[in-house]
Amino acid sequence: MSADVWMRGRGRQRGRSDGELALGVLWALWCWRLELVLLAVVVLAERGVASAMGDTVAMVCVAVVAAAGLLASQPRRLLLRWLYVARMRRAVGRAALDSGLAAHPWSVPRVLAACPVAAGDRVRVRVGRGRSLAELEARAEELAACLRAREVRVLRETANASEGTMLVVRRDPFEGVSPLRWPLVEAQEFSLWDPIALGVDEQGDALSVLLPERNVLMGGEPGAGKSAALSVLVAAAALDPSARLWLLDGKLVELAAWAPVAQRVVGTSGHEAIEVLREVQAEMDARYRELLARGLRKVGREDGLPLHLVVCDELAFYLSLPDRRERQHFTELLRDLVARGRAAGVIVCAATQKPGADVVPTALRDLFGFRVALRCNTPQASDTILGQGWASAGADASTIPGGQRGVGLLLTEGDRPVPFKGFYLDDDDVCAIAERAASKRADAWLAGAAADQRDNDVSGLGVTRRWRSRLSTNTMRTQARWSRSCSIAPRTSSSASALSARSARRGTAGGRSGCTARSTPSILRAASAAPSTQPSRSRTARC
Ligand SMILES: Nc1ncnc2c1ncn2[C@@H]1O[C@H](COP(=O)(O)OP(=O)(O)OP(=O)(O)O)[C@@H](O)[C@H]1O
Ligand SMILES: [Mg+2]
């Protein structure tokens, strides 16, 4: 009796393993279906030709057709793409089985598409009924080991909970990458209402930020690339003739080149920084009154009202001013702009090394919607910029290798921080853009004057003169203020000679200042040549 039961058990077991074997064979055939179909087509064609013309001719025909197909770039690319997708489908399926994600071949995630990207492979998957992407995320470590990759990341889709993207990270896409040129470097004009290309992500796609209604906080260790990232945003605003730029530069040199296109540029003077913020605050209040009068709740692109970009490099410098009252006043004004500026079209972009609560009050820091964490020393510093918990969730700017300048994590509203490498504008690019932007702004101002002239039916020459004089007064005022703030820190003779040596090497009249001399409109040139606004020791004299 017991032998009978044992025999029946063995029989059931054998039946089950036969079934599993058949399933495995069927699945293997299904996985290799593309290759098998291609092979079958070749064999059938060869046999067909062989039956009519003989084996040798058939072999030659097949070889010629295959060679022609492989030499033509379009069919070759198509074939390689199909084979790549088929390979990824098999790899993901096998990894899902081996990692325990799927119990049997028919429940592995379905690969919808795959393509190679800078970091490795990007695979779009759909999980089966009753499964979730969370299970895929939970098995990411095991999947990465099975796929022989550094890491597997699962990016969810907002529209469909069953579909997502698996990023199979095989290499560091930013390692050894030379500085990336900003795509708008040659642009004549740009609208600050459009997304600004900030850099490229791990998949090699451009990463953009839309500034209206947002504020940006950047942080990172010294030399990580904060000022370089800020300069991309400033360049975009400069190329928009309608945008108003307010620049605060605790290091004097980072934003100096943009003086000709800025409403105001402030250096190390706390008093002047407060004055500028007050001016922007007055603009903001006036804008709200205007919106009220127009019956609007916020500024829109179609309203024709200019956006104001307030850029503050070395935020910690201003928030640690020696005078306590100045410090508090500055903090309060900046907090007000960040808090209320959104609907009025006031955008604040600030950069600092470590925005810890001891330097940047949390009441101010937490208001910034967009965060950019460039390389940090510790996971805690990374969390200080991005927000608590991101480092332990895998978004940690302290894991960025030391030599990678301009690489960081971008956190936009609600999303997970995205690794990226920022575009870089070298000194010559900055000069060229500032020049072009200055001349565009001059043209826009003159066009406005001409329109005024037509409206008022006044002699064109008189109005143009009036606008020219207003324009040069404005430029002179900006430059004179900037000169005064720069003269607080006069250059020593050795640093001055080093700077002039650098300028001579670049073939300009003096550092970034060479900018204005080349193609700035005559009005601006005249303004910058005015002896009264050119103290010999100031950097503005050269800008
Ligand atoms: N996106 C980038 N691509 C390539 N190189 C970059 C990039 N960003 C910065 N660098 C390099 O790193 C250097 C330092 O950059 P930057 O001055 O922006 O750093 P920082 O974070 O502002 O430093 P600090 O805190 O001292 O002001 C630059 O001079 C440049 O050589
Ligand atoms: Mg800097």
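At roughly what angle do the axes of helix α2 and helix α3 cross, and within what distance do these axes come? In this predicted model, the axes of α2, which spans residues 33–53, and α3, which spans residues 55–71, come within 7 Å and cross at roughly 140 degrees. Because angles over 145 degrees would count as roughly antiparallel, a crossing at roughly 140 degrees makes α2 oblique to α3. The crossing in which α2 passes α3 is right-handed.

A second pair of helices was examined in the same terms. Helix α8 comprises residues 270–294 and helix α10 comprises residues 324–344. Their axes come within 9 Å and cross at roughly 30 degrees. Since angles under 35 degrees count as roughly parallel, α8 is roughly parallel to α10. The crossing of α8 past α10 is left-handed. The contact of α8 with α10 is made up, by class, of 13 nonpolar, 5 polar and 7 charged residues.

The surroundings of ligand 1 were considered next. This ligand is surrounded by 19 residues, of which G223, K226, S227, K251 and Q353 are the closest. Classification of this shell gives 6 nonpolar, 6 polar and 7 charged residues.

R405 contributes a polar side-chain atom that lies 3.4 Å from an oxygen atom of ligand 1. On its own, ligand 1 has 630 Å² of accessible area, and the protein covers 79% of this area.

Methods:
Residues are numbered from 1 along each chain as its sequence is written. Chains are lettered from A and ligands numbered from 1 in the order in which they are written. This is a predicted model: local features need pLDDT of at least 70, side-chain atom pairs count only at pLDDT 80 or more; totals for chains, interfaces and linings use all residues. Side-chain values use heavy atoms; hydrogens and water are left out. A residue is near a molecule or strand if one of its heavy atoms lies within 4 Å of it. A polar contact is a pair of N or O atoms within 3.5 Å; within protein, one must be able to donate a hydrogen and the other to accept it, and residues adjacent in sequence count only if both atoms are side-chain atoms. Accessible areas come from the Shrake-Rupley method with a 1.4 Å probe; for residues, only the protein chains shown count as cover. Ala, Val, Leu, Ile, Met, Phe, Trp, Tyr, Cys and Pro count as nonpolar, Asp, Glu, Lys and Arg as charged, and the others, Gly among them, as polar. Axes are lines fitted to C-alpha atoms, for helices over the stretch in contact, and angles run from 0 to 180 degrees between N-to-C directions. Helices (H or I, at least four residues) and strands (E, at least two) are DSSP runs, numbered from the N terminus. Angles under 35 degrees count as roughly parallel, over 145 as roughly antiparallel, 65 to 115 as roughly perpendicular and the rest as oblique. A crossing is left-handed if the near helix is turned anticlockwise from the far one by less than a right angle, and right-handed if clockwise.
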